[in-house]
Amino acid sequence: MTLQIVEEWVLIFIPLFLVWAFVVVDILRQTGLSTRAKWIWVPLVTVVWPLLIVYWLTRPVQGRALSLSSASRDYPQARLVDGALDHESGRIDDEQMSALEASLHRR
Amino acid sequence: MAEEGGGGKKHGVFRRMARGAANLVYREIDVRLPVEPVPDGPVMAVSNHFGGLSDGVLLVDASPRMPRVVARDVIWKVPIAGRLATAAGMIPVHKAADGGSRASNDEMFASAYSALGDGDLVLIFPEGVTQDVPHMAEVRTGAARIVLGARASGVEGISIVPVGLHYENKAGFRSRALVNIGEAISLDQWVASRGEVVDGADDREAVRELTELVNVELRHVAPDYPDWDQAHALETVSGVLLTDVDASEKPPMRYGDQALLASRLNRVAGPDREQLVDLGGTYRSRIEAAQTSDHAIATAAAPQPRSWGWVRDVLLVLLMAPFALFGLFAAAIPLLLVLIASKLRIAPAVRATIVPGLAVLLFGVEWVLVAIAVGRDLGGEAAVAAVALFPFFVGALFLEVEKVNLLWNQWRRRRRPSPDELPELQALRSELGEKAWAEL
């Protein structure tokens with residue numbers, strides 16, 4: 001009996017809760033849904049869990065390029081890469097590149 | 001740029017399929033955007049063709065709009081694939097090697113003109129064939145002839161966008177990839193700057209000049225190394241620079257950053273490039289011989305503060321273990337077959353077509369079979385739960401394997417060389433680093 005309860009929790013309830021949480025976060029972070037649609041979807045998938053599948057099959061799918069934000073490349077290694085490419089294309093000059101290297105290069 | 005170009009909402013299913021396939025086959029996909037956003041309106045995207053079907057999956061997944069892909073007509077000779085290609089708005093090109101003729105390609109040109117006239121994104125692989133070497137084949141004239149012909153037929157505002165696809169292991173399962181989108185070329189501006197009247201697709205001189213421009217811009221964003229040894233040597237140099245910037249355990253070095261910086265170093269001119277390749281190749285082979293890592297050499301003199309991020313990873317591995325185990329149980333057969341396919345002794349470009357195709361097919365079939373089996377034994381509601389939970393269990397399995405692999409690699413790369421070897425490796429690394437930093 002106890003084993004059956006553990007099995008149910010491990011195989012059904014906890015995974016379903018995690019999938020629900022994942023979907024709710026996805027709904028709230030969606031840029032392709034209006035605020036009104038988000039307010040409709042969150043209670044729907046909470047009350048009627050099979051609608052998790054319906055949401056997932058009908059959710060807006062943007063091109064990966066569209067989902068990028070400027071913050072996605074705001075870390076030191078990306079700053080070096082972007083700086084090196086900008087320097088090559090002439091968008092930043094030698095002085096700016098040297099300043100960038102000095103700020104990043106910790107040897 | 002419109003969310004759903006190239007045929008509107010009906011292509012949503014293909015975007016979903018591409019997203020599902022990309023997330024299934026790759027564990028990390030980086031997209032580098034151009035500095036200037038790609039303009040709205042008609043776009044001719046040109047891409048290197050290293051990975052067969054993988055190229056199409058990555059490009060459809062990354063693209064802001066559903067592309068109209070120009071592809072060899074052999075696809076239409078396969079019954080189901082042909083129907084899918086037509087439904088996805090693909091445009092068949094008839095090659096002489098496949099029995100094509102000039103007349104049959106007039107239809108392809110007309111379809112491409114019409115797509116550009118509708119403001120769509122048309123995608124072409126101008127090499128015409130997939131490559132198993134780390135450099136592009138000769139760029140052919142198709143892209144130039146299409147855009148010049150479309151412009152002559154009255155389509156204005158066409159942009160040409162080069163897109164470089166880089167693979168860590170193009171035939172591997174759960175590997176990493178980079179989609180490098182270059183700066184758009186305005187066809188109208190190019191024609192105006194040329195100063196001569198352009199006579200459409202039949203203007204041979206204009207086609208030749210535009211093809212050369214496409215060739216230069218595409219090679220700038222795509223991998224273009226003379227051979228694999230040089231590619232690996234410059235990736236090693238790139239890794240040294242990135243480790244110099246951040247040698248911490250977290251976040252791990254992203255493949256996209258390493259590939260972009262290696263490509264930049266590949267464009268260093270003359271003997272300086274050769275010197276970088278020599279130093280990178282020597283350093284790489286010395287590290288392998290000493291069974292150590294660049295990270296261990298870099299941090300030997302100045303140890304990094306101890307990171308406790310691994311504790312979080314270990315906890316996550318333990319927590320996800322039951323779900324991952326069930327994922328292994330549910331998806332063992334498709335996983336095994338896909339892993340076998342990724343190791344087949346056939347051309348890597350062919351494997352790069354087989355692996356994503358097989359992965360989508362087998363995992364999809366298994367998903368349906370699991371739902372049917374659960375429904376038969378436990379009823380309809382359980383079947384619906386199985387549909388919802390199958391991707392969760394498979395995702396937990398992938399997460400588990402990749403976290404364990406990450407932890408193993410973090411432990412391995414701490415292994416330092418013997419005290420006899422260390423000074424020499426440090427000196428070599430220092431020389432390599434000085435040279436590479438000077439070339440940026």
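**View 1. Chain B is divided into domain 1 (8–221), domain 2 (228–246 + 256–300 + 419–439) and domain 3 (309–412).** These bounds come from an automatic or database domain assignment. The model is predicted: local features need pLDDT of at least 70, side-chain atom pairs count only at pLDDT 80 or more, and totals for chains, interfaces and linings use all residues. Residues are numbered from 1 along each chain as its sequence is written, while chains are lettered from A and ligands numbered from 1 in the order in which they are written.

**View 2. Domain 1 of chain B touches domain 2 of chain B.** Taken over C-alpha atoms, their centres are separated by 34 Å. Six residues of domain 1 are in contact with five residues of domain 2. Contact means that the C-beta atoms of two residues, placed from the backbone, lie within 7 Å. On the domain 1 side, β1 (26–32) and β7 (175–181) of chain B each supply at least two residues. Strands (E, at least two residues) and helices (H or I, at least four) are DSSP runs, numbered from the N terminus. By class, this side of domain 1 has two nonpolar, two polar and two charged residues. Nonpolar covers Ala, Val, Leu, Ile, Met, Phe, Trp, Tyr, Cys and Pro; charged covers Asp, Glu, Lys and Arg; the others, Gly among them, are polar.

**View 3. Chain A has five helices and zero strands.** Along the sequence the pattern is α-α-α-α-α. The radius of gyration of chain A is 23 Å, well over the 13 Å that the globule rule gives for 107 residues, so chain A is more spread out than a compact globule. That radius is taken over C-alpha atoms, and the rule is 2.2 Å times the number of residues to the power 0.38. Along the principal axes, the C-alpha atoms fill a box of roughly 70 × 40 × 20 Å.

**View 4. Chain A has two assigned parts, domain 1 (2–60) and domain 2 (71–104).** Their C-alpha centres lie 41 Å apart.

**View 5. Chain A meets chain B.** Here 33 residues of chain A are in contact with 36 residues of chain B. On the chain A side, α1 (2–29), α3 (51–58), α4 (76–89) and α5 (94–104) give two or more residues each. α4(A) gives the most, with nine residues. This side of chain A divides into 22 nonpolar, six polar and five charged residues.
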